[in-house]
Amino acid sequence: MQRIINFVLRYRNTFLYVFFAFIALVMTIRSHSYHQSKFFNSSRWISGSIYGAGADVSSYFNLKKENKRLVEENQRLRKMLFNAQDDSLAPLDSTLAVYQVLNAKLIKNSFTSPRNYVTIDKGEKDGVHQDMGVITTDGILGIVENVSTNFATVQSVLNTKSNINAKIKGTEYFGSLIWDAKNYRVVQLIDIPRLVPVVVGDTIVTGGMSSIFPENVPIGTIKKYDLNASQSFYNIDVELFSDMANIKNVYLIENKDREEIEELESRTIE
Amino acid sequence: MSSTLIINILRFVLLVITQVLIFNNLNFLGFINPFVYVIFFYWYPIKGNRAVFMLSAFLLGLVIDIFSDTLALNALASVTIAYARPSIMRFCFGVNYDFQSFSFKNTTKVQRVTFLALLVILHHLIFFSFEILSIAHILLILKKVLATGMVTLILCVLFSSLFSPKSE
């Protein structure tokens with residue numbers, strides 16, 4: 001017994017190291033296979049507030065560029081509105097609209113790691129909840145993962161765990177949008193069958209198969225493509241429309257029918 | 001004794017803030033975000049209790065992880081370099097390290113930079129390997145370790161000469 005105690009005492013630092021390393025490893029491996037930890041993430045009160053204070057200062061530096069981008073978006077949307085076929089200038093009945101849109105500001109951006117999460121300054125208090133789609137003025141950004149009272153974290157498309165339904169614009173062939181962690185401007189579209197005519201420069205948009213994003217939200221353009229190992233599906237490199245390194249204002253999309261769709265689907269699988 | 005404690009707590013907080021607000025957003029060349037907080041392990045008193053040292057390393061890593069949503073990667077890398085520090089010091093400073101009178105003042109600049117470089121390389125190797133966790137990405141891991149490590153080392157050398165502790 002004495003010798004066991006002596007042994008433990010002699011190597012107590014090693015034991016301590018193994019203990020800490022074990023905790024850290026378990027957390028790391030969990031983060032590879034499961035969702036982000038519920039309690040330790042940057043949407044928490046203290047980290048969110050510190051990021052919020054930092055963003056308050058840094059947001060002044062590109063105010064001009066950001067305003068210009070928003071005006072351009074407004075112009076595009078105005079054009080669509082005036083050219084719309086139906087009389088959409090009549091007041092919208094918000095109870096009938098399937099998609100609700102909220103706006104938010106990014107307070108923490110990240111695009112260099114293989115699993116990127118960004119933090120936004122809206123939370124539960126403002127009606128944000130898990131699995132809302134997030135888009136920028138140019139294209140898609142990701143899906144809300146964790147929500148606290150005042151902040152939320154968003155799993156970016158630049159995340160190896162991200163998997164978003166997407167299709168080639170104008171066709172109904174859809175595949176999955178994933179990321180290989182190599183270049184933050186390029187994501188990959190897989191599972192597009194070989195018989196589909198693919199042309200470099202074609203636009204990729206979100207598909208209608210997910211209840212998170214509405215159909216036809218722009219994602220990017222085809223940069224290059226080749227066949228996968230089995231020679232039956234395309235691997236397509238998609239250059240993103242949104243510049244992930246430079247985002248400030250984002251929109252959150254809520255699908256009011258989502259709960260109903262999810263419930264129906266889970267019942268069908270049972 | 002208590003003044004060293006206060007200095008270290010202050011250092012801890014300031015390093016976390018500089019790391020998450022400045023250096024995590026640097027994105028130099030599109031992918032380089034140096035981990036300057038590694039200098040904490042260079043500055044930490046040599047004669048302190050090792051268990052306390054490892055505990056503070058774990059907490060420092062964990063706090064930075066919570067901010068950067070990279071749960072426990074920084075904690076893992078930090079605890080490892082905290083555990084390996086005595087061996088690295090023995091390697092860099094030779095037998096001098098074992099004497100009670102050892103202090104950084106008696107060492108050469110080259111020895112100190114080597115010590116810092118080994119800490120940085122070990123930290124980055126563990127961080128990026130576990131971040132990607134795939135042998136297929138070995139070239140990406142090496143590229144990130146070398147490029148980020150280089151920038152971290154330069155910044156840490158600058159920091160260490162700017163804010164050198166007077167007598168520890």
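**Where chain A meets chain B**

The axes of helix 2 of chain A and helix 3 (residues 50–68) of chain B come within 10 Å and cross at roughly 10°. Axes here are lines fitted to C-alpha atoms, for helices over the stretch in contact, and angles run from 0 to 180 degrees between N-to-C directions. Helix 2 of chain A is therefore roughly parallel to helix 3 of chain B; angles under 35 degrees count as roughly parallel, over 145 as roughly antiparallel, 65 to 115 as roughly perpendicular and the rest as oblique. Helices (H or I, at least four residues) are DSSP runs, numbered from the N terminus.

This is a predicted model: local features need pLDDT of at least 70, side-chain atom pairs count only at pLDDT 80 or more, and totals for chains, interfaces and linings use all residues. Residues are numbered from 1 along each chain as its sequence is written, and chains are lettered from A in the order in which they are written.

Which residues meet in this helix pair? A:Asn13, A:Leu16, A:Tyr17 and A:Phe20 face B:Arg50, B:Ala51, B:Met54 and B:Phe58. Contact means C-beta atoms, placed from the backbone, within 7 Å.

Now take the whole interface. In total, 29 residues of chain A are in contact with 28 residues of chain B. On the chain A side, helix 2 (12–33) and helix 3 (45–58) each give two or more residues. Helix 2 of chain A supplies the largest share, 11 residues.

Next comes the largest nonpolar core, with 47 residues. Such a core is a set of buried Ala, Val, Leu, Ile, Met, Phe, Trp, Tyr and Cys residues joined through C-beta atoms within 7 Å. Buried means 20 or more other C-beta atoms within 10 Å; exposed means 12 or fewer, and partly exposed lies in between. B:Met54 and B:Leu76 are among the residues that touch the most other members. Helix 4 of chain B gives the largest share of this core, 11 residues. B:Leu76 has contacts in both chains, including A:Ala21, A:Leu25 and B:Phe130.

Last, look at B:Phe159. This residue sits in helix 6 (residues 138–162) of chain B. B:Phe159 counts as partly exposed because it has 18 C-beta neighbours inside 10 Å. Not counting residues up to four places away in sequence, B:Phe159 touches B:Val36 and B:Ile39.

Technical notes: Two residues are in contact if their C-beta atoms, placed from the backbone, lie within 7 Å.
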